Amino acid sequence: MNKITVCIPVFNNDVSNIYVEEFLCHELVEKLILISNDKPTNINSKVEIIISEKPFSSQTFKSIAANINSEFVLFFLKSGEIEFQPNTLNRFSQVCLQTGAGIVYSDYTEILRGNKKYHPLIDYQLGSVRDDFAFGNMMMINSSAFKNAVARMKANYDYAGLYDMRLKISEQFGIFRIPENLYTAREKDLRASGEKQFDYVNPKNRAMQIEMENAATEHLKEIGAYLKPKFKEINFAANDFEFEASIIIPVKDRVKTISDAINSALQQKTDFNFNVIVVDNHSTDGTTEILESFAKSNEKLIHIIPERKDLLIGGCWNEAIDNKLCGKFVVQLDSDDLYKDDNTLQKIIDVFKKENCAMVIGSYQLTDFNLNEIPPGLVDHKEWTEENGANNALRINGLGAPRAFCTPLLRDIKIPNVSYGEDYFLGITISRDYKIGRLYESIYICRRWEGNTDASLDILKLNTNNIYKDRLRTFEIIARQNKNKTK
């Protein structure tokens with residue numbers, strides 16, 4: 001019989017939701033280990049305690065590895081009430097044995113605000129290297145794979161121990177999702193998806209992010225996908241453009257915000273000529289009429305309505321960059337958003353020329369619809385560095401805004417006809433060979449309101465988005481591995 005060691009982090013000395021007796025009586029459970037910053041009271045003497053201030057640290061996993069003899073480790077990732085199906089542990093261990101997997105995890109039922117709902121997860125792939133990949137509330141780990149990963153740990157992380165361990169296991173073993181509902185868990189984080197997505201750029205989490213970056217970089221080196229900071233040069237004088245720059249605004253049905261965006265673009269003060277190209281994707285709410293009025297009164301505004309009706313955001317961008325009036329550089333402005341002031345465009349183009357960049361990314365201020373600042377405020381993505389930005393980009397879910405590009409290169413690459421991840425695709429693709437410049441001061445206002453497409457996503461849409469970005473990372477990792485092989 002293949003025995004299991006169950007490891008449960010205890011938060012705030014609260015063991016009320018941990019079913020100690022049930023685990024100790026289960027035929028497959030060899031040992032129960034609680035990880036706590038203090039010894040919990042009123043606990044069965046058969047339970048082992050690992051004292052640790054940081055349950056996901058490297059040292060914690062080293063302590064666990066030294067205290068297990070079972071074939072598998074069931075590690076809890078979250079605190080809270082969990083109810084197992086009768087066959088949960090058997091099914092986890094069965095799949096581990098059948099596949100030789102290093103880690104298995106499963107779908108589950110989520111209790112959110114008193115409502116029960118099936119919570120499907122997504123499959124792990126080569127590109128699932130982001131540190132926020134969702135495994136649910138628990139994972140079962142092959143003990144041999146676990147000990148092997150711990151033995152290869154080079155750093156002592158306070159926060160990134162679990163992430164480091166998971167990446168190391170993925171280098172030598174499979175990680176598989178069981179698409180079955182194997183337990184029920186109560187969700188304590190009640191925030192909408194649009195709020196959670198900014199956790200990784202919160203300054204309070206900076207120390208954690210540095211550790212995550214180091215673990216991810218080491219992993220990329222191990223799998224042959226690490227890039228050294230060596231960039232191709234771009235000859236900006238080699239192309240003849242009527243306009244130096246174009247501000248690109250794709251839009252569909254944004255009657256509430258499009259006027260603000262257009263005014264913000266047209267008011268830019270520069271020492272070069274520019275235009276504003278708005279790709280109106282067949283709006284039906286009055287947006288088209290507003291754009292027609294602007295175009296009549298200002299020759300800088302180019303109003304395009306595509307012939308095709310199957311275009312998403314990426315396809316709209318392709319319409320703009322292929323237009324004969326498109327400038328040498330193109331700068332993003334979403335139809336919900338604004339530039340911080342009338343110098344934004346000038347600052348961006350100056351970076352292109354000063355640093356010979358193929359892409360420039362700015363920093364933005366988060367506000368509500370009425371431009372009142374909301375947490376976390378300034379999003380500056382300081383995790384991007386010239387030395388390691390191209391590698392760290394594979395760990396995170398976004399690179400910042402506004403985004404600007406060298407048009408000839410963009411015309412060569414082409415943009416996927418999607419409405420999510422097209423900007424991320426460009427960032428990781430361009431960074432493989434070219435320098436990306438950064439502006440860490442606030443030059444852009446990103447308005448979060450109920451009209452944003454990603455303000456509050458259901459789990460199916462969130463999974464679809466994450467699968468796509470993980471797939472983009474998979475493609476990019478393979479491309480980088482092949483590039484390194486040909487050097």
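How are helix 8 and helix 9 oriented to each other? Keep that in mind while you set up the view.

**Before you start**

This is a predicted model, where local features need pLDDT of at least 70, side-chain atom pairs count only at pLDDT 80 or more, and totals for chains, interfaces and linings use all residues. Residues are numbered from 1 along each chain as its sequence is written, and side-chain values use heavy atoms, with hydrogens and water left out.

**Stop 1: the whole chain**

Show the C-alpha trace. Along its principal axes it spans about 80 × 55 × 40 Å. Switch to cartoon. The chain has 15 helices and 18 strands. These are DSSP runs, numbered from the N terminus: helices are H or I with at least four residues, strands are E with at least two. Now colour by accessibility. Of the 487 residues, 55% count as buried (buried is under 20% relative accessible area, exposed over 50%, partly exposed in between, with a 1.4 Å probe and protein chains only).

**Stop 2: helix 8 and helix 9**

Select residues 258-266, helix 8, and residues 287-297, helix 9. Their axes come within 10 Å and cross at roughly 25°. Axes are lines fitted to C-alpha atoms, for helices over the stretch in contact, and angles run from 0 to 180 degrees between N-to-C directions. The two helices are therefore roughly parallel to each other (angles under 35 degrees count as roughly parallel, over 145 as roughly antiparallel, 65 to 115 as roughly perpendicular and the rest as oblique).

From helix 8, Ile258, Ser259, Ile262, Asn263 and Leu266 make the contact. From helix 9 come Thr287, Ile290, Leu291 and Phe294. Contact means heavy atoms within 4.5 Å.

**Stop 3: two cis peptide bonds**

Select Pro375 and Pro376. A cis peptide bond joins them, with omega about 0°. Pro376 sits in strand 16, residues 373-379. Next, pick Ala401 and Pro402. A cis peptide bond joins this pair too, and omega is about 0°. Pro402 lies in the loop between helix 12 (389-392) and strand 17 (403-406).

**Stop 4: two positive phi values**

Go to Asp253, in the loop between strand 10 (245-251) and helix 8. Asp253 is not a glycine, yet its phi is positive, about 55°. Asp253 is partly exposed, at 25% relative accessible area.

Finish at Asn356, in the loop between helix 11 (344-355) and strand 15 (359-367). Is Asn356 buried or exposed? Asn356 counts as buried, at 16% relative accessibility. Its phi is also positive, near 55°.
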